[in-house]
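Walk through this model from the whole chain down to single side chains. Keep the structure open as you read.

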Amino acid sequence: MEAGWLAGALWDPIALAVLAVILLVSTAMLYSRSDAPPPVSIARLALGYVVVVLMCCGFAAASSYTPADEAGARWGIPPERYWSALLVEFSTLWVLLSYGVLVGMAIIGVPVLFAMARRGWGTVPGLMAISVPISLLFLVALTALSRRALSRRLALDAALTILAMHLVLSLGFGVAAGLPWRRKTPPSRMSDS
């Protein structure tokens with residue numbers, strides 16, 4: 001219930017404008033203060049964001065689907081409300097995932113990519129590799145914010161899900177943004193003297 005309310009609030013034009021401002025400000029800050037050439041153009045960065053939102057749509061569709069008989073038996077959803085309940089679950093999950101992923105990318109992911117690119121590691125495999133510790137830190141933060149202790153099984157399931165999502169999203173973003181697959185050697189500091 002609360003998730004649906006939050007998703008509805010995030011779909012409000014004001015919330016969408018705030019999200020756009022977060023994305024634009026973080027992008028402007030990265031491109032204006034970078035002393036090295038950016039690893040991706042603004043157009044490729046925007047394409048990466050769009051691809052990630054579409055991937056969140058796929059994750060939401062896969063995660064929210066429940067067969068009609070199971071929905072009726074487990075949650076008491078009558079057959080005539082099945083499709084509307086499924087649509088609400090899907091749209092709620094898609095909005096929440098998309099917002100979380102876009103804000104996380106704007107605040108953490110893309111700045112990390114720029115830092116990696118300055119050292120020659122701004123590649124698709126490099127982005128995927130750095131997503132692993134970010135996933136684990138996210139899981140630790142999520143667990144710390146949880147009101148109840150997570151069982152070992154639930155924590156492991158959550159860790160694997162979050163890790164898999166981060167890996168797939170970083171792969172999709174990296175490919176859409178046009179990141180190289182191989183490391184470029186950064187310029188030598190010795191050549192400056």
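What percentage of the 193 residues in the protein chain is buried? Buried residues make up 29%, where buried means under 20% relative accessible area, exposed over 50% and partly exposed in between, with a 1.4 Å probe and protein chains only.

A note on conventions comes next. This is a predicted model, in which local features need pLDDT of at least 70 and side-chain atom pairs count only at pLDDT 80 or more, while totals for chains, interfaces and linings use all residues. Residues are numbered from 1 along each chain as its sequence is written, and side-chain values use heavy atoms, leaving out hydrogens and water.

Start with the fold. The protein chain has seven helices and zero strands. Both are DSSP runs, numbered from the N terminus: helices are H or I with at least four residues, strands E with at least two. From the N terminus on, the order reads α-α-α-α-α-α-α. Now take contacts (heavy atoms within 4.5 Å). Among those between residues at least 6 apart in sequence, 78% join residues at least 24 apart. The accessible surface of the chain comes to about 12,400 Å². Carbon and sulfur atoms account for 70% of that area, computed by the Shrake-Rupley method with a 1.4 Å probe.

Next, one helix pair. Two packed helices are described by the angle between their axes and the distance between the axes. Helix α2 spans residues 13–33, and helix α3 spans residues 42–64. Their axes come within 12 Å and cross at roughly 145°. Axes here are lines fitted to C-alpha atoms over the stretch in contact, with angles from 0 to 180 degrees between N-to-C directions. Which residues meet there? Leu 23, Thr 27 and Tyr 31 in α2 meet Ile 42, Leu 45 and Tyr 49 in α3. By class, this contact has five nonpolar, one polar and no charged residues.

Move on to helix α6, residues 124–145, which holds Ser 135. Ser 135 counts as buried because its relative accessibility is 2%. Not counting residues up to four places away in sequence, Ser 135 touches Ile 162, Leu 163 and His 166.

Finish with the cysteines. The whole structure has zero disulfides (pairs of cysteine sulfur atoms within 2.5 Å). For Cys 56, the nearest cysteine sulfur is that of Cys 57, 8.9 Å away. Is Cys 56 buried or exposed? Cys 56 counts as buried, at 0% relative accessibility. Cys 57 is partly exposed, with a relative accessible area of 22%.

Definitions and conventions
Ala, Val, Leu, Ile, Met, Phe, Trp, Tyr, Cys and Pro count as nonpolar, Asp, Glu, Lys and Arg as charged, and the others, Gly among them, as polar.
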